[in-house]
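Subject: Structure handover

Dear colleague,

Please find below the structure that I promised to pass on to you. My notes on what was found in it follow directly after.

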Amino acid sequence: MPRTANRIELPVLAPLDRGAGRLGQQLAQQLRDAIRGGALRPGDPLPATRHLAAALKVARGTVVEAFELLVAEGWLASKAGAGTTVARPPPADPPAASAGAAGFVRPLPAAAARYAAVAAALYPLPAAPFAISVPTGPVAPDDSWRKLSNRVRASRAAAPAGYADPQGLRPLRAAIADYVRKARSVACEADQVVITAGTQQGLHLASAVLLGENDQAWVEDPAYVGLTALLEGGGRASRIVRVPVDAEGLRVEEGVRRAPHARVAFVTPSHQYPLGMPMSMARREALLAWARARNAWIVEDDYDSELRYAGHPYPALQGMGGRQVIYLGTFSKILFPSLRIGYLIAPADLVAAFLGARITLDRHPPTADQHVLAAFIAEGLLDRHVRRIRQAYSDSRLALIDLLRTHLPAELAQVQPIDQGVHLLVWLRAAIDDVALARRAADAGVAVRPLSVTYGEQGGLRRSGLILGFGGYPVDRMTLAAQRLARLIRDAARPRD
């Protein structure tokens, strides 16, 4: 079978100006500019001279002239049998003129800086102790997920198709409705379920649908950075009303005092993030009473309630007052974050609005993994998986608490066990900068999140601490990480000259 020539295209080149003459020099300058600008990079191959000459409609000698000049200058490299490639620009080559030299660069809106800060705050941590939600070892899905995935993906149901339902696959919505009814006492039908790309998208949809231009929103203090960043990035920073929490959860009376006419309350009632306490029954009833009286909405982020290690789990708030509550759930904590499947449960008359908002974001969720997850739930594999990882997480949690209490200096750091979820807290002495400490920990191979950034700027509640995840890390790795973290905490507490 005859070989097909590997023709290399160079769309970066503009037509040569034949009227100006010196075509070889023009071509050489265009190639220099392409290399300076990064369109051509070291190691990139160039077309054969005869092919490039034919494409540019010039004599082959014109291309040879340009190539030989650039090889002599160090821009290109030529090797017999290997063709011509881009070399590194000569060290003496002057830097290319910046875009700002020819004129001003239009400044970005303030939201751009806020989004850049979000990228830094929520950038994924490496899969090392003590990153949260790393499904390795005993908390990883077992072979049943892989086998089921292979079976479903081989079927016609999960084959590539056209645009799908923005609400999500109906068998998955039905499976989720049945699952949350049994596991979380959520009252809903499949038609009220909207499949999302995780909790973050659910929060985005809720804020888009429920909040008007001038509406205020209650947000717990402290709270999930992804929520506060979302509201601030949407231009609602001045309308965020931070409401403190205590041992019983959100202080509803304080929210009423600060913003009685707020339109939405964003809460984590089953497991306050990041502090860990559940909202008491009295506070739940007070919150629902406020929402009914003010015709307001409650967005319930129920992100990891399946993983409880002591005591009887609180039911979802939605089951107590479904008409006022938008319920958010996710499979990131109990399966794996890269699945990117969560769900939103709304009153039936709001579903159309959520679907419209969903369509403007990403049209609809990917379908193949929905088929797999629907079968995983329907065949009872999710329930079995949750029971297995609940025990594994419980063992890892106890091991981590013991390690931290053994190695961390008690006068500088106090461990706060949390009896639910996949993280716990370490409170630091006030003088320790937890943001700087988290950066130094990352450099040392220890993955932690700073606590102080979850608090609002106002109110004087901000405290220094670290958020540590536990999971399938082996004890020897956790021990080494705990020892390194202890050294970093001691170093952070030393007075600086």
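**What was found**

Ser338 is exposed, with a relative accessible area of 61%, where exposed means over 50%, buried under 20% and partly exposed in between (1.4 Å probe, protein chains only). Please keep in mind that this is a predicted model, in which local features need pLDDT of at least 70 and side-chain atom pairs count only at pLDDT 80 or more, while totals for chains, interfaces and linings use all residues. Residues are numbered from 1 along each chain as its sequence is written, and side-chain values use heavy atoms, with hydrogens and water left out.

Ser338 sits in the loop between strand 9 (325–330) and strand 10 (342–345), helices (H or I, at least four residues) and strands (E, at least two) being DSSP runs numbered from the N terminus. Arg340 lies in the loop between strand 9 and strand 10 and has a positive phi of about 55° although it is not a glycine; at 39% relative accessibility, Arg340 counts as partly exposed. A positive phi, near 60°, is also found at Lys57, which is placed in the loop between helix 2 (49–56) and helix 3 (60–73) and is exposed, with a relative accessible area of 66%.

Two cis peptide bonds may be worth checking in your set-up. The bond from Asp221 to Pro222 has omega near 10°, and Pro222 lies in the loop between strand 4 (217–221) and helix 8 (225–233). The bond from Tyr273 to Pro274 likewise is cis, with omega near 10°, and Pro274 is in the loop between strand 7 (264–267) and helix 10 (281–294).

On helix packing, helix 6 (residues 170–184) and helix 12 (residues 368–378) meet at an angle of about 35° with their axes 8 Å apart, the axes being lines fitted to C-alpha atoms over the stretch in contact, and angles running from 0 to 180 degrees between N-to-C directions. Their contact (heavy atoms within 4.5 Å) involves Pro171, Leu172, Ala175, Ile176 and Tyr179 of helix 6 together with Gln370, Leu373, Ala374 and Ile377 of helix 12.

As for the whole protein, there are 15 helices and 14 strands, and 50% of the 497 residues count as buried. The chain is divided into domain 1 (23–86), domain 2 (142–380) and domain 3 (385–493), with bounds that come from an automatic or database domain assignment, and the centres of domain 1 and domain 2, taken over C-alpha atoms, are 56 Å apart.
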